[in-house]
Amino acid sequence: MDHVVAQSEAAFATLVDRYKNRLQNVIYRYVRDFQRAEDLAQEAFVRVYLHRERYRKTGKFSTWIFTIAVNLAKNEIRRKVRLRNVLSIAHLREILGTSETPIPDERQPPTDRDVERNQTSEVVARAIARLPDVYREALILRDIEGLAYEEIADILEIPGGTVRSRINRARLMLKDKLKGFAKTEL
């Protein structure tokens, strides 16, 4: 980050390469829209670059950038809530629970295992999306992004004990939501 502060484009490109996918993943878990997640991740990097002098060396860079990304995702959700009264095709898809899916490559048909894995991933993703926000964000940052409890506490600006409690509660809720799915799969 010292090199980025000194306006090194190569150092900034390295940071983008290192964090791009993880940021997009975290943001997607909030907004559930791949294109919007890409845009917001890009916005996070723009903010990092524009405010590079504000970075405090006492904190971890990952904590700083994830805080920016999570705040952007939360702002996006607030924006969507304000626009809920506006009816659009995207809004109808959201209400109906459908989404655009990429056209499958017909040259290589998916195996049964691929189909099963995709179905399981979709069920888990929907269950996570139905968790209350406070539990979902802690669970995503810990179990999907693999951040340390202390980093999560810094990002969410809550005590470490609260982070542990929310993650535990989220896991229990998720287990309960997936109980029926696990029984049908056995």
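**View 1. Contact between helices H7 and H8.** In this predicted model, Glu-137, Ala-138, Leu-141 and Arg-142 in H7 meet Tyr-149, Ile-152, Ile-155 and Leu-156 in H8, where a contact means heavy atoms within 4.5 Å. The residues of this contact of H7 with H8 divide into 6 nonpolar, no polar and 2 charged; Ala, Val, Leu, Ile, Met, Phe, Trp, Tyr, Cys and Pro count as nonpolar, Asp, Glu, Lys and Arg as charged, and the others, Gly among them, as polar. The axes of helix H7 (residues 133–144) and helix H8 (residues 149–156) come within 10 Å and cross at roughly 140°, with axes taken as lines fitted to C-alpha atoms, for helices over the stretch in contact, and angles running from 0 to 180 degrees between N-to-C directions. H7 and H8 are therefore oblique to each other, given that angles under 35 degrees count as roughly parallel, over 145 as roughly antiparallel, 65 to 115 as roughly perpendicular and the rest as oblique. H7 passes H8 in a right-handed crossing; a crossing is right-handed if the near helix is turned clockwise from the far one by less than a right angle, and left-handed if anticlockwise.

Residues are numbered from 1 along each chain as its sequence is written, and side-chain values use heavy atoms, with hydrogens and water left out. Because this is a predicted model, local features need pLDDT of at least 70 and side-chain atom pairs count only at pLDDT 80 or more, while totals for chains, interfaces and linings use all residues.

**View 2. The protein chain as a whole.** The protein chain has 9 helices and 0 strands, both being DSSP runs numbered from the N terminus, with at least four residues of H or I for a helix and at least two of E for a strand. Buried residues make up 33% of the 186 residues in the protein chain; buried means under 20% relative accessible area, exposed over 50%, and partly exposed in between, with a 1.4 Å probe and protein chains only. Of the contacts in the protein chain with a separation of 6 or more, 65% are between residues 24 or more positions apart.

**View 3. Contact between helices H2 and H7.** In H2, Asn-25, Val-26, Arg-29 and Tyr-30 meet Arg-136, Glu-137, Ile-140, Leu-141 and Ile-144 in H7. The residues of the contact of H2 with H7 divide into 5 nonpolar, 1 polar and 3 charged. The two helices pack at an angle of about 150°, with their axes 11 Å apart, and H2 and H7 are therefore roughly antiparallel to each other. The crossing of H2 and H7 is right-handed.

**View 4. Aromatic rings around Phe-12.** The count comes to 7 aromatic pairs, under the rule that rings of Phe, Tyr and Trp (its six-membered ring) pair if their centres lie within 6.5 Å, with planes under 30 degrees apart counting as stacked, over 60 as edge-to-face and the rest as tilted. The rings of Phe-12 and Phe-45 have centres 6.4 Å apart and planes at 85°, so this pair is edge-to-face. The pair links distant parts of the chain, with Phe-12 in helix H2 (residues 9–31) and Phe-45 in helix H3 (residues 34–50), 33 residues apart. Both Phe-12 and Phe-45 are buried. The rings of Phe-12 and Tyr-49 have centres 5.0 Å apart and planes at 65°, so this pair, too, is edge-to-face. Tyr-49, in helix H3, is 37 residues apart from Phe-12, and at 26% relative accessibility Tyr-49 counts as partly exposed. Elsewhere, Tyr-19, Tyr-55, Phe-61 and Trp-64 form one aromatic cluster.

View 5. Gln-24 has its place in helix H2 and is buried, with a relative accessible area of 16%. Not counting residues up to four places away in sequence, Gln-24 touches Ala-37, Glu-38 and Ala-41. Met-173 is found in helix H9 (residues 160–185) and counts as partly exposed at 24% relative accessibility.

**View 6. Two loop residues with positive phi.** Most residues other than glycine have a negative phi. Arg-32, in the loop between H2 and H3, has a positive phi near 55° and is partly exposed, with a relative accessible area of 31%. Glu-157 lies in the loop between H8 and H9, has a positive phi of about 55° although it is not a glycine, and is exposed, with a relative accessible area of 69%.
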